[in-house]
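Q: Hi! Could we go through this one together? I have a handful of quick questions.

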Amino acid sequence: MTNPSWLHFENIWLPYAQMKTAPLPLPVVSANGVRLRLADGRELIDGVASWWTMCHGYGHPHILAAVEKQLRALPHVMFGGLAHEPGFRLAARLAALLPGDLRHVFFTESGSVSVEVAMKMAVQFWLNQGERRTKFVCFRNAYHGDTFAAMSVCDPVEGMHRMFRGVVPEQFVAELPDSAEKLGALDRFLAEHRRQIAAVLVEPLVQGAGGMKFHMPETCAELRRLCDRHGLLLIFDEVFTGFGRTGSLFACEQAGVVPDILCLSKALTGGTLPLAATVATEKIYAAFLSDDPDAALMHGPTFMAYPLGCAAANASLDLFEMEPRVAQANAIEAQLREELAPCSRLTGVREVRVKGAIGVVQMKAPVDALDLRARFVEKNCWIKPFGDVVYLTPPLVISAADLSILTRTICETLRESLD
């Protein structure tokens with residue numbers, strides 16, 4: 001393939017890449033539905049939905065029309081002292097969809113920042129009541145983002161930010177309470193350190209970038225009970241799991257749990273534009289209401305609630321109302337279970353697991369991600385392994401035939417590479 005003239009490393013710095021040895025990325029010129037079109041005319045079926053964002057596929061006409069209309073009317077206006085309908089309407093719609101009294105929405109631009117805001121809210125919740133609690137409890141295999149505070153609540157040993165251990169604030173790192181022994185240990189730990197802890201922070205049901213690790217809804221319910229018992233706040237990071245990915249609109253629904261603060265991003269706009277939200281309950285919000293101006297939440301991104309993103313998010317919510325996205329996620333789950341099952345018999349595979357529209361082949365050792373990715377591309381599939389997992393998180397609109405191409409490609413390619 002002859003690369004376009006603009007594709008070179010003279011000026012760009014790529015994400016998660018060692019630039020000395022990284023190959024040139026594949027040049028994409030357009031996308032539609034579940035397919036990416038490359039500069040040389042090839043088309044790839046996207047098996048990861050552009051880092052789990054494109055729940056409705058690429059170029060959905062309803063979202064494009066909403067964004068175009070908003071672009072002509074009001075592409076952006078500051079959210080400090082001024083207001084616009086898309087932002088206020090989106091906040092009201094999210095509040096109506098989320099469980100319990102999660103109804104106070106603070107908009108930002110990315111998942112990492114939504115977590116930063118959640119942590120800031122939690123610490124200031126206690127400060128506003130005269131208590132200084134600055135520690136967070138997070139979990140092994142956690143990933144919550146790449147910004148500074150978010151890095152501190154990622155797994156400090158196995159996570160990608162382990163180099164920053166001792167640089168970012170040190171948090172309390174625990175095992176998820178998925179057994180009676182671990183539950184008891186966490187209970188005792190929280191009892192001992194409760195006066196230091198601002199909140200417990202977890203990715204409900206699926207720990208994404210930390211290795212696609214699953215846990216049961218009961219684990220989330222136990223965390224809620226522990227937080228209530230010890231007077232702690234509970235934060236759910238649903239940046240990855242929100243909007244149908246786990247087989248329900250929000251993962252917290254499966255546990256029957258209402259966290260004190262919840263983070264959303266990625267599929268919030270259907271992957272069209274960057275936008276995030278940190279949503280708080282009445283208890284959290286009320287702690288910031290005061291005659292003292294210093295008790296206010298002093299945070300305000302320049303592009304907070306920018307109208308184009310809010311218009312895209314409102315259009316995305318329309319599609320969840322008009323089209324059967326959650327049912328599609330459950331259909332994907334059934335197909336992934338059936339079609340990835342043969343991988344479990346391969347000698348190098350430790351486990352196959354599926355949750356909603358997430359299918360994971362766990363290997364016994366780390367894979368050569370670049371080599372596997374290239375093999376998948378040869379078969380016209382965009383699948384991006386990392387660590388010791390090969391996974392699929394396709395757009396929720398993918399057809400059964402296209403999903404079969406992805407699953408067959410994984411099974412065949414792993415069989416070839418392990419033989």
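This is a predicted model: local features need pLDDT of at least 70, side-chain atom pairs count only at pLDDT 80 or more; totals for chains, interfaces and linings use all residues.

Q: Which way do V389, V390, Y391 and L392 point from strand β16, and are they buried or exposed?
A: V389 and Y391 point one way from β16 (residues 389-392), V390 and L392 point the other way, and all are buried. Strands here are DSSP runs of E with at least two residues, helices are runs of H or I with at least four, and both are numbered from the N terminus. Buried means under 20% relative accessible area, exposed over 50%, and partly exposed in between, with a 1.4 Å probe and protein chains only.

Q: Thanks. Back to β16: which way does β14 run against it?
A: Strand β14 (residues 358-363) and β16 run antiparallel, joined by four bridges; two strands pair if DSSP finds at least two bridges between them. G359 has L392 as its bridge partner in β16.

Q: What about β11, how do its side chains sit?
A: From β11 (residues 261-264), I261 and C263 point one way and L262 and L264 the other, and all are buried.

Q: And what does β11 pair with?
A: Strand β10 (residues 233-237) runs parallel to β11, with three bridges, and I235 stands opposite I261. Strand β12 (residues 276-280) pairs with β11 in the antiparallel sense over four bridges, where L264 stands opposite A277.

Q: Changing topic: what is the strand order in the open sheet of four strands?
A: The order is β1-β2-β3-β15, with mixed pairing. The edge strands are β1 (28-32) and β15 (381-382), each pairing on one side only. Two bridges join β3 (residues 43-46) to β15 in parallel, and I45 has C381 as its bridge partner.

Q: Which helix lies across β2, β3 and β15?
A: Helix α13 (residues 400-418) does, running at about 90° to β3. That angle lies between N-to-C directions on a scale from 0 to 180 degrees, using axes fitted to C-alpha atoms, for helices over the stretch in contact. Contact means heavy atoms within 4.5 Å.

Q: Now charges. How many salt bridges does the structure hold?
A: It holds 21 salt bridges, each a side-chain nitrogen of Lys or Arg within 4 Å of a carboxyl oxygen of Asp or Glu.

Q: What can you tell me about the salt bridge between R224 and D228?
A: Their side chains meet at 3.0 Å, N to O. R224 and D228 are four residues apart in helix α7, so they are separated by about one helical turn. Salt bridges that share partners join R224, D228, D260 and K283 into one network. R224 is buried, with a relative accessible area of 11%.

Q: Which residue does R195 form a salt bridge with?
A: That would be E131, with the closest N and O atoms 3.4 Å apart. The pair links distant parts of the chain, 64 residues apart: R195 is in the loop between α6 (180-193) and β7 (197-202), and E131 in the loop between α4 (111-127) and β5 (135-139). R195 is exposed at 53% relative accessible area, whereas E131 is partly exposed at 25%.

Terms used. Residues are numbered from 1 along each chain as its sequence is written. Side-chain values use heavy atoms; hydrogens and water are left out.
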